[in-house]
2 protein chains.
Amino acid sequence: MKIYLAGPDVFLPDAMEIGRRKAAICARHGLTGLYPLDNAIDLTAVDASLAIFKGNETMMDSADAIIANLTPFRGPSADAGTVYELGYMAGRGKLCFAYSNDPTLYPERVARSHTVTKADGGHLIDHDGLTVEDFGLPDNLMMIHALDLRGARLVMPRQRPVNLWHDLASFEACVALAADRAPTFRADSKADRP
Amino acid sequence: MKIYLAGPDVFLPDAMEIGRRKAAICARHGLTGLYPLDNAIDLTAVDASLAIFKGNETMMDSADAIIANLTPFRGPSADAGTVYELGYMAGRGKLCFAYSNDPTLYPERVARSHTVTKADGGHLIDHDGLTVEDFGLPDNLMMIHALDLRGARLVMPRQRPVNLWHDLASFEACVALAADRAPTFRADSKADRP
C-alpha cells in the first residue's frame, strides 16, 4: 500500500531527513511512503510552485492513502496545504489517516493568540465576534470527522512532546493503523476490478 | 448549476444573512447557491458536529462547483474547514472558484504575527526556522494552483475592503466566472451521460 506523507514537515530545516525517517517507518510496517520532496523540482524555475503542485497531485493520485500531519501551524489550525491535500484524498475516496502532536482542543488553541469570550447566546466568540467551534474537537470538524469516517480517528499524544516537529510516535501509530487496513484494502481493490 | 458556498462566513454573527445575500447574488446570475447553514442541525445534540459534517458533505456531493472564501482566518492562511472543502471538491472533479478579501502575499501575512527573516540559503524562515513559502502567492500553493487548473485564478480586490467579512464584490466576481462556465459545464455533463 502506498501512502502519501502530507505535512508542514517539508518546511523544516531538516525536511529531507524527516522524510527519510517517515519512509523508513512505513517500510518497517510493509508500506511505501511517498514524500513530496521525493519529486525533483527546480526551485529557481519561474513555474516552480506549479511544478510542485503537479508533482504532489500526481503523487497523491498514485497513493492509496494519506497520513497527514495536522499539528497546528502558524495559528490554531493545521497547515493549509496539508488540509487541502487531506480534502483532496478524501474526495478521491482514498483512506485518510492523520495525527497532531498538539492534543489541545480548538478553543484553547484559539485562546493562545486571540481573546475568546462567551457571547450572549452562550457560545464562544473571538475578538471579531466570530464563533469559535466548541465541539470538544482539536480542529475544524470537517477534517476530524472525515478521518473518523474514511480511515481512523485523529491520533494525538496524551501530552505535547518536547520536540513538536520531530517526534514521530503519533505518526508511527498512524502507520500501524494503515498497515492494519492494508489487507482489507487490497481485497477491496481486487473486488473493484472487472 | 449548483454552487457550494464555503467559507468562515458561517462563524459570523450574521451568518444567516450573509448566506441569504450570497444566494441572492447566485440567483441573479442564474445559479443556485447552497449554503451550509441551509441544513437544519440540532446544535444541542451530542453528535451535532457529525451531523454538520454529513450535511455539508451531502451538499458538496450535490453541487457542481464550489466558491470558497479564502480570506485569512485566525492566522496567515484561509479557514481550515473551507480549505478541506476546496480540496474535497477538487478531488471530486468539481469546478473550483475562490476569493480572498485580503490581497496580501503570504510572507507579508506571516510577518503580521511571526518574525520572518532570511536564512543562510537566502530563503525566508519564521522564528522556528520553518520555511515561509515565497512564490509570489497569497496562500499555500496547493490551493492557489488547484484554482488555476480546476476553475479560475483566485479573485482578490486591489485593496483590502473596509469590511473584510461583509464585502461581497470579489465573491460576486467568482459567481460571474462560474456563470460564464455554466453553459460549457452543462454540455460537458450531458456528454458524460450514456
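Guide: Start with contact: two residues are in contact if their C-beta atoms, placed from the backbone, lie within 7 Å. By that rule, 41 residues of chain B are in contact with 41 residues of chain A. Keep in mind that this is a predicted model: local features need pLDDT of at least 70, side-chain atom pairs count only at pLDDT 80 or more, and totals for chains, interfaces and linings use all residues. Residues are numbered from 1 along each chain as its sequence is written, while chains are lettered from A and ligands numbered from 1 in the order in which they are written.

Visitor: Which element gives the most to the side of chain B that touches chain A?
Guide: Helices (H or I, at least four residues) and strands (E, at least two) are DSSP runs, numbered from the N terminus. α3(B) gives the most, with eleven residues. The elements giving two or more residues are α2 (48–62), α3 (80–91) and α5 (141–150) of chain B.

Visitor: What makes a residue on that side nonpolar, polar or charged?
Guide: Ala, Val, Leu, Ile, Met, Phe, Trp, Tyr, Cys and Pro count as nonpolar; Asp, Glu, Lys and Arg count as charged; the others, Gly among them, count as polar. On that side of chain B, 25 are nonpolar, twelve polar and four charged.

Visitor: How do you know that the copies meet through the same surface?
Guide: 100% of the interface residues of chain B are also interface residues in chain A, so the surface is the same.

Visitor: Why is β1 of chain B called largely enclosed?
Guide: A residue is buried if 20 or more other C-beta atoms lie within 10 Å of its own, exposed if 12 or fewer, and partly exposed in between. Four of the five residues of β1 (residues 2–6) of chain B are buried, so the rest of the structure largely encloses this strand.

Visitor: How do you know that β1(B) pairs with β2(B)?
Guide: Two strands pair if DSSP finds at least two bridges between them. β1(B) and β2 (residues 32–34) of chain B have three, in the parallel sense. B:Tyr4 stands opposite B:Leu34 there.

Visitor: Why are β2 and β4 of chain B at the edges?
Guide: The four strands form an open sheet in the order β2-β1-β3-β4 (chain B), with parallel pairing. β2 and β4 (95–99) each have a single partner strand, so one side of each is left without a neighbour in the sheet.

Visitor: Which residues touch the most other members of the largest nonpolar core?
Guide: A nonpolar core is a set of buried Ala, Val, Leu, Ile, Met, Phe, Trp, Tyr and Cys residues joined through C-beta atoms within 7 Å. Of its 88 residues, A:Ile66, A:Leu86, B:Ile66 and B:Leu86 touch the most other members. Not counting residues up to four places away in sequence, A:Leu86 touches residues including A:Ile66, A:Met143 and B:Tyr84.
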